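Hello,

Here is the structure I promised to pass on to you. Have a look at it first, and then read on for what turned up in it.

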Amino acid sequence: MLTLVFGGWALGPAPFAPLTGSGDFLVVDDYRSLDDALPEAGDYDGVRLLAYSFGVASAGHWLSDSGLNCTRKVAVNGTLTPADAERGIAPETVAATADGLTVASFARFCRRAGVEGPTPQLEIAAAADELRAIAARGPAPDPGFDRIWISQNDRIVPTSAQNAAWADSKMAVQYISGPHQPFRPGQSWGEWFT
């Protein structure tokens with residue numbers, strides 16, 4: 001079984017490091033382009049998807065083009081409308097973040113997100129371009145998530161925006177007591193797929 005992870009913007013694989021469990025993991029974390037077919041996913045009998053933050057919309061776009069069937073699809077603290085004032089992050093906030101991105105502003109973002117430990121390394125120009133690409137791509141097709149997780153204290157993708165985005169979803173919404181980055185030591189990958 002492969003766990004395919006569409007991670008959050010600019011955080012890389014670090015948020016998922018504390019999770020325990022067996023199997024193989026593939027983390028996608030650069031959304032400037034979504035044209036990588038990820039042929040290695042075809043080597044597995046089963047693939048399950050965890051999409052986090054801006055990875056939710058990116059996974060929706062990628063899955064609609066790739067045709068990959070996942071045995072389970074989970075969305076965590078993100079929406080299919082990443083740059084949206086009502087159901088995501090306000091477009092002007094996304095643009096201002098990209099235009100004013102510095103090492104210091106990224107460190108503030110990480111603190112607001114609840115990232116513990118050192119701030120991940122960041123290539124400023126690439127990260128700004130990635131934000132612009134996510135916003136320009138627009139709303140994503142719904143791949144049919146089996147579970148939606150929403151943090152009650154999300155300071156990145158507001159909890160109210162996530163509630164609005166998933167209000168019509170027929171999938172089960174589960175609430176998390178915690179910040180935008182909810183993955184913590186002692187948790188297993190399996191917990192997120194229940």
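A question to begin with: is Thr-81 buried or exposed? Please keep in mind that this is a predicted model. Thr-81 has a relative accessibility of 7%, so it counts as buried, the cut-off being under 20%. You will find Thr-81 in the loop between β4 (72-76) and α2 (91-99). Leaving aside residues up to four places away in sequence, Thr-81 touches Arg-87, Gly-88 and Pro-139.

Ser-169 sits in the loop between α5 (159-165) and β6. With a relative accessible area of 24%, Ser-169 is partly exposed.

Now to the aromatic rings. The structure has 13 aromatic pairs. In one of them, the ring centres of Phe-6 and Trp-62 are 5.7 Å apart and the planes stand at 45 degrees, so this pair is tilted. Phe-6 belongs to strand β1 (residues 2-6) and Trp-62 to helix α1 (residues 54-66), so the pair ties together parts that lie 56 residues apart in sequence. Phe-6 is buried, at 1% relative accessible area, and Trp-62 is buried too, at 4%.

Phe-16 and Phe-183 form another tilted aromatic pair, with 5.0 Å from centre to centre and 50 degrees between the planes. This pair links distant parts of the chain, 167 residues apart: Phe-16 is in the loop between β1 and β2 (24-28), and Phe-183 is in the loop between β6 (172-176) and α6 (189-192). Both Phe-16 and Phe-183 are buried. They also belong to a cluster linked by ring pairs, together with Phe-25, Tyr-52, Trp-149, Trp-189 and Trp-192. While you are looking at Trp-149, notice Arg-147, which lies over the face of that ring at 5.8 Å from its centre.

On to the helices. Two packed helices are described by the angle between their axes and the distance between the axes. The axes of α1 and helix α4 (residues 124-137) come within 11 Å and cross at roughly 55 degrees. That angle makes α1 oblique to α4, and the crossing of the two is left-handed. On the α1 side, Phe-54, Ser-58 and His-61 take part in the contact, meeting Leu-131, Ile-134 and Arg-137 of α4.

Helix α3 (residues 103-113) is worth a look as well. Its buried residues include Ser-105, Phe-106, Phe-109 and Cys-110, and Ala-107 and Ala-113 are buried too. Just after α3 comes Gly-114, with a positive phi of about 90 degrees.

Asn-77 is in the loop between β4 and α2, and is buried with a relative accessible area of 0%.

Enjoy exploring it, and write back with any questions.

Best wishes

Note on methods: Residues numbered from 1 in each chain as written. Predicted model: local features only at pLDDT ≥ 70, side-chain atom pairs only at ≥ 80, totals over all residues. Heavy atoms only, no water. Buried < 20%, exposed > 50% of the residue type's maximum accessible area, 1.4 Å probe, protein only. Helix = DSSP H or I, 4+ residues; strand = E, 2+ residues; numbered from the N terminus. Phe/Tyr/Trp six-rings, centres within 6.5 Å; stacked < 30°, edge-to-face > 60°. Lys NZ or Arg CZ within 6 Å of the ring centre and 35° of its normal. Axes fitted to C-alpha atoms, helices over the stretch in contact; angles between N-to-C directions. Parallel < 35°, antiparallel > 145°, perpendicular 65-115°, else oblique. Left-handed = near helix turned anticlockwise from the far one by under 90°. Contact = heavy atoms within 4.5 Å.
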